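The text goes from a helix pair to the core, and then to a helix and a loop.

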Amino acid sequence: MYDYLLSLLDDLDGVQQNPKYHPEGDALFHSLQTFDLAYRNSTSPILWTAALLHDVGKAVDTRGHERIGAEMLGGVVCDEVIWLVQHHLDLMRAPRHTRHKYVGQPRFSRLQQLRRFDVEGRDPKANVITPEEALTILKPYDSLIAA
């Protein structure tokens, strides 16, 4: 499964994003920044995994990438990670509705954190680790990866 996840991340290399919203460059660099922020600022391997994989759908299409990414991860990572990937734009698109629907649920806190790391992960000068290094950090948490 790690080879598959690595291939999904590698497919983001060179996927350009709108510079107005993503001055940091391609989707892989952004995903690695988002992972680094989650890893340094939370203790949740679920959140780390979602942060790393939240934009994998952009390799297929930027429109609807959250739904596409969730589908690509089905049967590969745990349901909580898939849910976070699928809903990572909800707080941007419909903040009031999202808060009303999920407030008080543990996953809502993770969704808020993911949104924050996603927004903060846009530094063109950031230092990031490689996709292989990020996946190595996640290896002890094999329960997040489907068998």
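In this predicted model, local features need pLDDT of at least 70 and side-chain atom pairs count only at pLDDT 80 or more, while totals for chains, interfaces and linings use all residues. Residues are numbered from 1 along each chain as its sequence is written, and side-chain values use heavy atoms, with hydrogens and water left out.

Two packed helices are described by the angle between their axes and the distance between the axes. For α2 and α3 the angle is about 165 degrees and the axes lie 7 Å apart. Axes here are lines fitted to C-alpha atoms, for helices over the stretch in contact, and angles run from 0 to 180 degrees between N-to-C directions. Helices are DSSP runs (H or I, at least four residues), numbered from the N terminus. α2 and α3 are therefore roughly antiparallel, a term for angles over 145 degrees. Their crossing is right-handed, that is, the near helix is turned clockwise from the far one by less than a right angle. α2 brings Ser31, Leu32, Thr34, Phe35, Ala38 and Tyr39 to the contact, and α3 brings Leu47, Trp48, Ala51 and Leu52; contact means heavy atoms within 4.5 Å. Of these residues, eight are nonpolar, two are polar and none is charged.

The largest nonpolar core has 44 residues. Such a core is a set of buried Ala, Val, Leu, Ile, Met, Phe, Trp, Tyr and Cys residues joined through side-chain atoms within 4.5 Å, where buried means under 20% relative accessible area (1.4 Å probe, protein chains only). α3 gives the most to this core, seven residues. Among the residues with the most contacts inside the core are Leu5, Leu9, Leu53 and Leu73. Beyond its neighbours within four places in sequence, Leu53 touches Leu5, Leu9, Leu73, Val77 and Val85, all by contact.

Leu73 belongs to α4 (residues 65-73), where it is buried along with His65, Glu66, Ile68, Gly69, Ala70 and Met72. What covers them includes α1 (2-10), α3 (45-53), α5 (79-87) and α6 (90-93). Just after α4, Gly75 takes a positive phi of about 80 degrees.

The loop between α3 and α4 holds Ala59. Ala59 and Gly69 are 10 residues apart in sequence and 8.9 Å apart in space, C-alpha to C-alpha.

How values were computed
Buried < 20%, exposed > 50% of the residue type's maximum accessible area, 1.4 Å probe, protein only. Helix = DSSP H or I, 4+ residues; strand = E, 2+ residues; numbered from the N terminus. Parallel < 35°, antiparallel > 145°, perpendicular 65-115°, else oblique. Nonpolar A, V, L, I, M, F, W, Y, C, P; charged D, E, K, R; others polar.
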